[in-house]
Amino acid sequence: MAKKFFTLSIFPQFFDCFTSTGIVSQAIKKGLVEIHNINLRDFATDKHKTVDDVVYGGGPGMLLKPEPIFGAYESVIEKGHKPYVLITEPWGRRFDQKFAYELSQKDEILIICGRYEGVDERVKTIVNQEVSIGDFVLSGGEPAAVVIMDAVIRLIPGVVGDADSLRVDSFANQLLGYPNYTRPAEYKGMKVPDVLRSGNHELIKKWRRWKQIERTLQKRPDLLEKANLSEEDKFMLEAIKKGKNFGEIFKVP
Ligand code: ADE
């Protein structure tokens with residue numbers, strides 16, 4: 001059964017490029033994913049199709065009105081869907097790979113795209129989780145919805161090939177990926193590390209692990225604290241911290 005996404009937005013055309021290119025468009029064509037982008041304006045209840053209004057009690061900006069959001073949500077529910085409901089908010093639960101895995105277990109997800117001024121608070125009664133993609137303020141939730149859908153869609157079995165899933169796994173294992181090279185073997189005086197051209201697969205595996213640990217230590221040491229490290233990983237980490245290089249420790253000829 002296809003995983004279903006519903007977005008509720010005042011700019012549904014924002015998603016056209018996302019749904020019509022690359023892996024996502026292939027996943028839709030393969031019948032693995034459906035994305036329904038619903039225009040809140042279609043559910044406005046007045047003749048001017050108003051979707052926002054001033055704030056009670058005073059204050060700057062406009063808020064998204066409740067009627068179009070409830071109307072759009074109810075139109076989905078009336079068709080028999082039971083989506084898990086997210087709303088994009090800068091103070092929501094931080095979106096990360098673990099959250100993406102959790103969402104990949106849900107059959108149907110509905111994302112209400114907020115605007116930066118905000119949304120009428122009564123909308124929260126239909127929301128399961130507020131979600132943020134980082135500590136910065138977007139002018140609308142549409143880019144956040146794209147980020148969330150992309151990360152979740154690539155976890156659906158059959159959407160990406162094995163090579164890609166390895167990358168996902170490596171992040172889930174809390175270490176950053178190792179560096180990769182393609183041809184030519186030498187470019188502008190920069191050589192591909194000999195070990196990668198040695199044909200020694202055991203040694204290549206160790207080198208890659210070493211580089212993952214080294215890169216994580218340099219760029220995201222916080223991830224190492226939580227990572228599940230083997231005895232050999234710990235040995236490598238200590239060696240890296242002492243400033244050793246791979247060739248010295250593993251006797252690369
Ligand atoms: N809306 C405004 N800023 C946002 C953010 N950082 N994440 C999700 N939704 C938002």
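Tutor: Buried means under 20% relative accessible area, exposed means over 50%, and partly exposed lies in between, with a 1.4 Å probe and protein chains only. This is a predicted model, in which local features need pLDDT of at least 70, side-chain atom pairs count only at pLDDT 80 or more, and totals for chains, interfaces and linings use all residues. Residues are numbered from 1 along each chain as its sequence is written, and side-chain values use heavy atoms, with hydrogens and water left out.

Student: Is L155 buried or exposed?

Tutor: L155 is buried, because its relative accessible area is 16%.

Student: And where does L155 lie?

Tutor: L155 is in the loop between α5 and α6 (162-172). Helices (H or I, at least four residues) and strands (E, at least two) are DSSP runs, numbered from the N terminus.

Student: What about domains?

Tutor: An automatic or database domain assignment gives domain 1 (3-153) and domain 2 (168-249) for the protein chain. The centres of domain 1 and domain 2, taken over C-alpha atoms, are 39 Å apart.

Student: Now the ligand. Which residues surround the ligand?

Tutor: Among them are T88, E89, P90, V131, S132 and I133; a residue counts as near if one of its heavy atoms lies within 4 Å. The shell divides into seven nonpolar residues, three polar and one charged. Here Ala, Val, Leu, Ile, Met, Phe, Trp, Tyr, Cys and Pro count as nonpolar, Asp, Glu, Lys and Arg as charged, and the others, Gly among them, as polar.

Student: Which strand gives the most to that shell?

Tutor: β5 does, with three residues. Both β5 (84-94) and β7 (129-132) supply at least two residues each.

Student: Which backbone atoms are 3.0 Å from a ligand nitrogen?

Tutor: A polar backbone atom of I133 is 3.0 Å from a nitrogen atom of the ligand, and a polar backbone atom of L138 is 3.0 Å from a nitrogen atom of the ligand. The protein covers 97% of the 260 Å² of accessible area that the ligand has on its own, by the Shrake-Rupley method with a 1.4 Å probe.

Student: Last topic: which residues of the largest nonpolar core touch the most other members?

Tutor: They are L86, F95, L103, M149 and I153, out of 28 residues in that core. α5 (142-153) is one of the elements that supply at least two residues of this core, and α5 gives the largest share, seven residues. A nonpolar core is a set of buried Ala, Val, Leu, Ile, Met, Phe, Trp, Tyr and Cys residues joined through side-chain atoms within 4.5 Å.

Definitions and conventions
A polar contact is a pair of N or O atoms within 3.5 Å; within protein, one must be able to donate a hydrogen and the other to accept it, and residues adjacent in sequence count only if both atoms are side-chain atoms.
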